[in-house]
Amino acid sequence: MKQINCFIAFNDASYAQKTVENLSKSELVNKIYLLTDKNNETTLPGCEIIQTDSFSSSLTIQKIAEKSDTQFSLLYTKHTTLKLGQYALERFYNIAHSAGAGLVYSDYYQIAHGVRSNLPLIDYQEGSLRDDFNFGSLLFYNSEELKKAAAETTYNYQFAGLYNLRLKVSQQAELLHINEYLYSEVEFDTRKSGEKLFDYVDPKNFDAQIEMEIACTDHLKRIGGYLAPDFRKIEFNESNFPVEASVIIPVRNRVKTLEDAIKSTLSQKTDFPFNLIIVDNHSTDGTSEIIEKYAKADSRLIHIIPESTDLGIGGCWNVGADSPLCGKFAIQLDSDDIYKDENTLQTIVNAFYEQNCAMVIGSYTTTNFAMETITPGLIDHKEWTPENGRNNALRINGLGAPRAFYTPVLRNIKVPNTSYGEDYALGLAVSREYQIGRIYDSIYLCRRWDDNSDASLDVVKMNEHNSYKDKIRTIELKARKRLSITPEKQMV
């Protein structure tokens, strides 16, 4: 009956003691190992210490693999107390055993400030390559798959050990989600979604991000989803455009911020003609009147109200790009934001020609509503490289801003008619064939305030967003795998 070895993060003895007591109640548990750093010699009765550098290193995974001599291995990655639900381990065991899954994870209850709330998770897909995918803190691995993945790991990861483990397991077995609340855990990070949004681009996490890229690139090569740095060239010789560049602003009910965006655009200094296309998605708060005021004063502003009433941000982008008044390059500006100075458009257009790319992504500075810089400040995505950027793009959750496109390519691909992830989907599709150019200096101010669409999302909406982006990655990964198949393989 003793089919499970348990490996738990060990820092605070009072938390761990309760976790050990909960685990020990099950007849399925064989041994319990406490993973702790070399300076911690404390132990608990009936447990064995494994000294580690961190839970996320490949060395730790190898040490776990050496002790995984039961059918299944349970990893609990939090230092706080784990409370199992009724027959939770039996449920994990029966499903993992019956389905032959490599990893099983479940929904759970989250306890914050003494209040318990539901934390539903989402199903893992082939494209769930982001390293922040939430499996919860209880990971139930098939030991043979875990040991095989550890044996195949040759890189000494300090940060990406757990990420690399699940990628390697997913190459051979299913990662299975149980839609049941099987345990409870204490959560101390109670920040809103908008406050957590930029954690992965915090400069202090740069080394970790590089390791995650190495692990993901290795995974893509193993499954046939890697693309070598071989890009289609662009001649930029289409000349049937009324202007060189168009700024496109999709907007609905942004009376508080749109005027700043308009002024920022119309004050740009360039050596080419440009215009501003505002796609007004049937605003009702006075936004339309602001647009009309500026359109009457400056002929460069084109005010478009779509016939359709079912458009998201992506659909509004299509309306702007399809307009006969759109320029050779279509350049993004959100209705909340502004360009950093009057040279942004010139900098972006220059980048198209200098880097021969179908899309340009700049860097931006996060600000409060008053345009004062706030943490984390500059977001430059310097992990991007021309050689591997489009592969690494499948791992990260966004590509940066502002975004700009060579209009013929944009019109050919089309933007998904959604209001979340549409820009990411477009960027992935562009990068499949074309180089994406980068500007690492800040050219854009991204205003963070309570009315941002991602400022405070509940778990259901977060799951909806994450599922959609994972689906985008899945579709893109399937397309790239088809590209990597040679004609000879296709005939087999």
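1. Helix H4 passes helix H5 in a right-handed crossing, where right-handed means that the near helix is turned clockwise from the far one by less than a right angle. The axes of H4 (residues 143-152) and H5 (residues 161-170) come within 9 Å and cross at roughly 110°. The two helices are therefore roughly perpendicular to each other, a label for angles of 65 to 115 degrees. Glu145, Leu146, Ala149 and Glu152 of H4 make the contact with Leu165, Lys168 and Val169 of H5 (heavy atoms within 4.5 Å).

2. A word on the source: this is a predicted model, in which local features need pLDDT of at least 70 and side-chain atom pairs count only at pLDDT 80 or more, while totals for chains, interfaces and linings use all residues. Residues are numbered from 1 along each chain as its sequence is written, and side-chain values use heavy atoms, with hydrogens and water left out.

3. Do have a look at Asp131, in the loop between strand E7 (115-119) and strand E8 (138-142). Its side chain joins that of Arg395 in a polar contact of 2.4 Å (a pair of N or O atoms within 3.5 Å, one able to donate a hydrogen and the other to accept it). Beyond four places in sequence, Asp131 also touches residues including Tyr163 and Met212.

4. On confidence, the mean pLDDT (the predictor's confidence in each residue, from 0 to 100) is 93, and 93% of residues reach 70 or more. Please treat residues 487-492 separately: there pLDDT stays under 50.

Notes. Helix = DSSP H or I, 4+ residues; strand = E, 2+ residues; numbered from the N terminus. Axes fitted to C-alpha atoms, helices over the stretch in contact; angles between N-to-C directions. Parallel < 35°, antiparallel > 145°, perpendicular 65-115°, else oblique.
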